[in-house]
Amino acid sequence: MGDHGEVDLVIFDCDGVLVDSEPIVSRVLADRMRHLGIQITDQECATAFAGLDQAAAARLIADRLGDAVPTGWFDSLTVAVDTALRAEVAPVPGVAALLQQLRVPFCVASNGRPEKVALTLGVCGLAPYFEGRIFTAAEVAHGKPAPDLFLLAASRMGVPPARCVVVEDSESGVVAARSAGMRVLRYAPDGSTSG
């Protein structure tokens, strides 16, 4: 696969690429983890949990806690996260203009909960761009860093993986895209490549 082949599909990650949700989620998650007695800063939380699906995040929290996460904790976390996102989330600067100008089909492939993806895209006014073209880890056996989600998106959009370009900001997403045989553009707005 040459780096200059045709591109027939652009696959966007959602959190951190289309919507600036990660600082909000990290702040709420770190706060809730501190209430459990886990010492963690918002920044450490952002680094440790970037790109993880809920199952992987739950394992990491249980490991840090040294015990099972209390019953109902994730449900209350979900409510707190969604409340904060509804109030605060904004689109990544310039993304609406980019989507208006893009002349290649595009879609979203996110490890986020379907409800969270719909909420953030809706609040940010980006949902109309992705009508019927939103794919989440809930639809596959394994989320990122496994390639399953990107392969599902390409298949549903009718495009071979080699003709897809993925826009990602997390290491797990980059790994997933490469494993799927797709080109990947790493979005790092602050110039960093960590997370």
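These legends describe close-up views of a predicted model. Local features need pLDDT of at least 70, side-chain atom pairs count only at pLDDT 80 or more, and totals for chains, interfaces and linings use all residues. Residues are numbered from 1 along each chain as its sequence is written, and side-chain values use heavy atoms, with hydrogens and water left out.

**View 1. The open sheet.** Five strands, paired in parallel, follow the order β3-β2-β1-β4-β5. Strands are DSSP E runs of at least two residues, helices H or I runs of at least four, numbered from the N terminus. Two strands pair if DSSP finds at least two bridges between them. β3 (134-136) and β5 (183-186) are the edge strands; each has a single partner, so one side of each lacks a neighbour in the sheet. Neighbouring strands are turned by 25° against each other on average, direction ignored. Axes are lines fitted to C-alpha atoms, for helices over the stretch in contact; angles run from 0 to 180 degrees between N-to-C directions.

**View 2. β1 beside β4.** Four bridges join β1 (residues 9-12) to the parallel β4 (residues 164-168). L9 stands opposite C164 in β4.

**View 3. Helix α7 on the sheet.** α7 (residues 148-157) lies across β1, β2, β3 and β4. Its direction runs at about 150° to β2.

**View 4. Around E139.** E139 sits in the loop between β3 and α7. It is partly exposed, at 35% relative accessibility (buried is under 20%, exposed over 50%, partly exposed in between; 1.4 Å probe, protein chains only). Leaving aside neighbours within four places in sequence, E139 contacts I134, L152 and R156 (heavy atoms within 4.5 Å).
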